[in-house]
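Work through the exercises below with the sequence and the coordinates open. Try each task before reading its solution.

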Amino acid sequence: MTFSGTDRNRSLSITLDQDRRVIDVRVLEQDQLRNPVAFGDALQEAFAVADGERILAALEAHGDAEDYLARAEATFTGQSPAQAPPRPDMSRGASAARRAAGTGVALAARPEPPPPLTSENGYLTIQRGADGRLMRVEADAEWLSGARPQHLQQAVLQAIRLGTENR
């Protein structure tokens, strides 16, 4: 199963698989992608939209989509307040009780993100988080101003795929 997303300017499209791997990138309107900030924004947006489609499909597969969407709509419209998960009781008494019971609350170690990866031509660097999300996109401005669509597509696939081959 694949999931596609396009940025709001319809300049770039990304397709993900169910494991959040990028399997295709398409430049739809190259003039919108000529500067590094616009290119990075388009890449981030297209990825986020495709990832949202992936998440929605997972919710639907588990029968949770309608409830999730209804709660999200209620939060967005102000009908219900946004709720964070409850925080553990960190008082001294509660901490002592957990230690005595052997059920201390340990903070989960955050996995280190993989190192940033650069396309073979050296002009595009992409940093992904340990969870696979895009964290940072850096493109050489001079290269970006003259690169052909197929070169942009190839560079993105190289830099993104390198980060997911060993997952």
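Contact means heavy atoms within 4.5 Å. The model is predicted: local features need pLDDT of at least 70, side-chain atom pairs count only at pLDDT 80 or more, and totals for chains, interfaces and linings use all residues. Residues are numbered from 1 along each chain as its sequence is written, and side-chain values use heavy atoms, with hydrogens and water left out.

**Exercise 1. Overall build**

Task: List the elements of the protein in order, then judge its spread from the radius of gyration.

Solution. 
- Step 1. Count the elements: the protein has 5 helices and 6 strands. These are DSSP runs, numbered from the N terminus (helices H or I, at least four residues; strands E, at least two).
- Step 2. Read from the N terminus: β-β-β-α-α-α-β-β-β-α-α.
- Step 3. Take the radius of gyration over C-alpha atoms; the globule rule is 2.2 Å times the number of residues to the power 0.38. The protein has a radius of 20 Å, well over the 15 Å that the rule gives for 167 residues, so it is more spread out than a compact globule.
- Step 4. Check burial. Buried means under 20% relative accessible area, exposed over 50%, partly exposed in between (1.4 Å probe, protein chains only). Of the 167 residues, 35% count as buried.
- Step 5. Check contact range. Among contacts with a separation of 6 or more, 50% come from residues 24 or more positions apart.

**Exercise 2. The sheet of three strands**

Task: Give the strand order of the open sheet and find the strands at its edges.

Solution. 
- Step 1. Pair the strands; two strands pair if DSSP finds at least two bridges between them. The order is S1-S2-S3, with antiparallel pairing.
- Step 2. Find the edges. S1 (2-6) and S3 (22-27) each have a single partner strand, so one side of each lacks a neighbour in the sheet.
- Step 3. Leu16 stands opposite Val22 in S3.
- Step 4. Place the helix. H1 (residues 36-61) lies across S1, S2 and S3, at about 145° to S1. Axes are lines fitted to C-alpha atoms, for helices over the stretch in contact, and angles run from 0 to 180 degrees between N-to-C directions.

**Exercise 3. A salt-bridge network**

Task: Which residues are linked with Arg21 in a network of salt bridges?

Solution. 
- Step 1. The whole structure holds 9 salt bridges.
- Step 2. Take the pairs. Asp17 meets Arg21 at 2.8 Å, N to O. Asp19 meets Arg21 at 3.2 Å, N to O.
- Step 3. Join them: Asp17, Asp19 and Arg21 form a network.
- Step 4. Asp17 is buried at 10%. Arg21 is partly exposed at 31%, and Asp19 is partly exposed at 47%.

**Exercise 4. Around Ala155**

Task: Is Ala155 buried or exposed, and which residues does Ala155 touch?

Solution. 
- Step 1. Locate Ala155: helix H5 (residues 149-162).
- Step 2. Read the accessibility: Ala155 is buried, at 1% relative accessible area.
- Step 3. Leave out residues up to four places away in sequence; Ala155 then touches Ser119, Asn121, Leu124 and Trp143.

Technical notes: A salt bridge is a side-chain nitrogen of Lys or Arg within 4 Å of a carboxyl oxygen of Asp or Glu.
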